[in-house]
Amino acid sequence: KVITDAFNNNNLTITQMIMFDIVARTIRGDLKALLLSSPIRNVILWAETDYASLILQEAIDCDVLGPQFIWILSSTVQLNSFSQGDNAKLIGILTIEPVVASAVNEPTNTTLLNAAYDVWQQYEPETFPGTENVNAYALFTFDATWLLIRSLEQLCSITNNHSSPCLSIVNDSFCFNRRLLDSSSLFDIINNNTFLGVSGLVQFSANSTDRVSGIYYIVKNIQSLSNELNYVPVLVWSSSDAWTPHSQQNTIIWPGQSLVAPTGYATIAGVILRIAVIEAPPFTMTQQVADANGIITTKLIGYIPDLLAILQTNMGFIPNITFLPANQSYDGLIDDVANNVYDIVAGDVTIIAARREKVSFTDSIYDNSLRIIVRNTASASPNFWFYLRPFSMGVRLCILGSIILSALLMYLFERKANETLRHRSIISGIVMSTWYPLGTIMGFGVDYTVRTGAGRFLTFSVFFLSLVLIATYQATLTSSLTLKQTQNIISGIDDIKNGKIP
């Protein structure tokens, strides 16, 4: 529960855990299948040292160490327990362990440490391993014990003036029922008790089970030095500086003896991929190609084959491409990938929710959208001669000729019978005669009336011509205005290609 809470508090999600059976002393399940089925290539081995050696040996036997995987251990293991032929696979393994302050050149209480070593050597000299071989956890335990002693001493110094003893324990008939009466005061003293211990600065808080400061971790990298494997310190972590290089001379050697940090994800170099492509110009098409011997073969061309060629060059997979006809349904392709018929489908496959439930999609390689094209209406410039458009030039000349002819005939018919024309000169009479058909055609009338039968017939003819011209003019003008309002509407891309709109 504590581990799960710590992961949740740091936004870490565990999708898969591989268990080691400490009774059978082996991994539960197929270690190789479990690791290769995951897209991640980082393995965190959290186990005691003895078990870690067994797990590493099983990983060697399954060939799931470097250079395929990066292993991070929580403790160091004896490297001489593995065969010489396995050394290359162990290179690049990282270990991360808590260390005392002196291991990272931070201050410690050397006086207290030397006093503890003196007591150890005085009473149990046969168990003392030497100052360089004392485990860091022993020093952590010493500081925890020393903190408890100091806190109890301080608690007793406060309660000595009272009648009750400083250490009162109840329900001592069974060990798990024992309880310190004044435990809250003891915890307060512990949280307020700060000192420099043998492992570094010791300080606790009521809100955390770890030290407030004085926490240090070191990362060691398994490297080959003089044909022997060794742990080389490469990184140091502290609560104040986070991760920093342990030494400028020490660099991390990654699995495969590479200096380039791997991505941590699975690669597909050398893996055969079953790829399905569908005929869909311009993404995937076929072309007949003749070689030097005249043998004609079919070659895939288009955006998708070019993309697959670039991916193959960069990723190193082996493509097994199946070309499918254009009548193949896209939903059928999705089902084929879900049913392991193909590994990948490359093409213009639309990403929709129903398909996402069956397979995974890459990022889109192109955008496919529906667009509406609307012409930006230009500002209309006035056309003062638009009213002449309903009649062509021939019609206008015909109307002019009709007016002139009608004027001449009217002058001949009415010159002697009509008093308005009788006393006028020839030019003045012709002008007045021209005024008559012009006024009749326009419909506003004239200043005199005809007197002869021929003149009345000519008036009827001119009036009838006026009706025809007005009706034709109105119909043509209305049609022209209607066409002007609709002439810029397009029905497809061909209208744009043909220049119907700018």
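Trainee: How much accessible surface does the chain have, and what share of it belongs to carbon and sulfur atoms?
Mentor: This is a predicted model, so local features need pLDDT of at least 70 and side-chain atom pairs count only at pLDDT 80 or more, while totals for chains, interfaces and linings use all residues. Residues are numbered from 1 along each chain as its sequence is written, and side-chain values use heavy atoms, with hydrogens and water left out. Areas come from the Shrake-Rupley method with a 1.4 Å probe, and for residues only the protein chains shown count as cover. The accessible surface comes to about 33300 Å², and the carbon and sulfur share is 57%.

Trainee: And what part of the chain counts as buried?
Mentor: Buried means under 20% relative accessible area, exposed over 50%, and partly exposed in between (1.4 Å probe, protein chains only). Of the 502 residues, the buried part is 29%.

Trainee: What radius of gyration does the chain have?
Mentor: The radius is taken over C-alpha atoms, and the globule rule is 2.2 Å times the number of residues to the power 0.38. The C-alpha trace spans about 165 × 85 × 50 Å along its principal axes. A compact globule of 502 residues would come out near 23 Å, but this chain has 51 Å.

Trainee: How many salt bridges are there?
Mentor: The rule asks for a side-chain nitrogen of Lys or Arg within 4 Å of a carboxyl oxygen of Asp or Glu. One of the pairs is Asp 5 with Lys 1, at 2.9 Å from N to O. Lys 1 is exposed at 77% relative accessible area, whereas Asp 5 is partly exposed at 31%. By that rule, the count is seven.

Trainee: Which residue forms a salt bridge with Lys 89?
Mentor: Start with Lys 89 itself, partly exposed at 26% relative accessibility. The closest N and O atoms of Lys 89 and its partner Asp 63 are 3.9 Å apart. The pair links distant parts of the chain, 26 residues apart, with Lys 89 in helix H4 (residues 87-90) and its partner in the loop between helix H3 (49-62) and strand E4 (70-73); helices (H or I, at least four residues) and strands (E, at least two) are DSSP runs, numbered from the N terminus.

Trainee: What about Asp 343: which residue does it form a salt bridge with?
Mentor: Asp 343 counts as partly exposed, at 31% relative accessibility. The closest N and O atoms are 2.8 Å apart, and the partner is Arg 274.
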